[in-house]
Amino acid sequence: MRALVAGIIVAGLTTSFAHASGSCDETTLYKYMDDVKTNMKSLSFEVKQGNMEQAGVRVDNIIAALEKSKSETPFLFTEKGLEGDELAKRQGDYQEVMDDTIAVFKALDQALENGDKDKLNGLMNEINDQRKRGHRAFKADC
Ligand code: HEM
C-alpha cells in the first residue's frame, strides 16, 4: 500500500515537473499553428471545389493567425534559454520568415480574387516551402 501511495506521488510530481518546464504543444503559438493547419485543409478543399470566395475566407483566417503568431516567441528560444541581443536577433529572423509567409498568402488572396487559377499551384508550393523553412529554423523537436 505504502509503495502504491509513493508511486502515485512520484507519478504526480513527474507530471507537474513536465508541465512546469513546458512543451511546445502547450504554447499559444501552437494553437495559432493548429488553426493555420485546419484552415489550410479547408483552403485546399475549397480550391479543388472551385469555391474561390470560400477559399478567400480561409486565406483571411490564416493571415490573421499568422499576424498573431508574429508576436509570439517560439518555444525553441525558451528551451535554449536565449536572452537579450541574441533573443532579439532570433526573434527578428522569425518575424521576417513569418512576414514572407504572410506575403505569399496575400498574393494567393489576390490570385483568388482575380480568378487567376494558373498562379494557385505555384503559390501553394511556395507556402509549403515557407512552412518547411519556418519549422526547420524555429520549431523545437516536438
Ligand atoms: C504556412 C504553413 C504552416 C503550417 C500549416 C504550420 C503548421 C504547424 C503545426 C501543425 C504545428 C504544430 C506542431 C506540428 O504538428 O508540427 C506548428 C508548430 C510550429 N510552427 Fe508552424 N506552420 C506553418 C508555418 C510556420 C512558419 C512560417 C513558422 C515560422 C516563421 C512556423 C513556426 C512554428 C513553430 C515555432 C512551431 C512550434 C510551436 C512553438 O514553438 O510554440 N510555422 N506549425
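Helix H2 contributes the most to the shell around the ligand, giving seven residues. The structure is a predicted model, in which local features need pLDDT of at least 70, side-chain atom pairs count only at pLDDT 80 or more, and totals for chains, interfaces and linings use all residues. Residues are numbered from 1 along each chain as its sequence is written.

The protein chain holds six helices and zero strands, helices being DSSP runs of H or I with at least four residues and strands runs of E with at least two, numbered from the N terminus. From the N terminus on, the order of elements is α-α-α-α-α-α. Of the 142 residues in the protein chain, 14% are buried; a residue is buried if 20 or more other C-beta atoms, placed from the backbone, lie within 10 Å of its own, exposed if 12 or fewer do, and partly exposed in between.

Around the ligand there are 24 residues, the closest being Thr27, Met33, Pro74, Phe75 and Gly134. A residue is near a molecule if its C-beta atom, placed from the backbone, lies within 6 Å of it. Two or more residues of this shell come from each of H2, helix H4 (75-79), helix H5 (84-113) and helix H6 (117-138). By class, the shell comprises 15 nonpolar, five polar and four charged residues. Here Ala, Val, Leu, Ile, Met, Phe, Trp, Tyr, Cys and Pro count as nonpolar, Asp, Glu, Lys and Arg as charged, and the others, Gly among them, as polar.

H2 also packs against H3. The axes of H2 (residues 28-49) and H3 (residues 52-70) come within 9 Å and cross at roughly 165°, where axes are lines fitted to C-alpha atoms, for helices over the stretch in contact, and angles between N-to-C directions run from 0 to 180 degrees. The two helices are therefore roughly antiparallel, the term for angles over 145 degrees. Residues of H2, including Leu29, Met33 and Val47, meet residues of H3, among them Ala55, Ile62 and Ser69; contact requires C-beta atoms, placed from the backbone, within 7 Å. This contact has twelve nonpolar, five polar and four charged residues.

Lys70 is found in helix H3. With 17 other C-beta atoms within 10 Å, Lys70 is partly exposed. Its C-alpha atom is separated by 8.8 Å from that of Leu29, 41 residues apart along the chain. Leaving aside neighbours within four places in sequence, Lys70 is in contact with Gln95 and Met98.

Conventions
Parallel < 35°, antiparallel > 145°, perpendicular 65-115°, else oblique. Contact = placed C-beta atoms within 7 Å.
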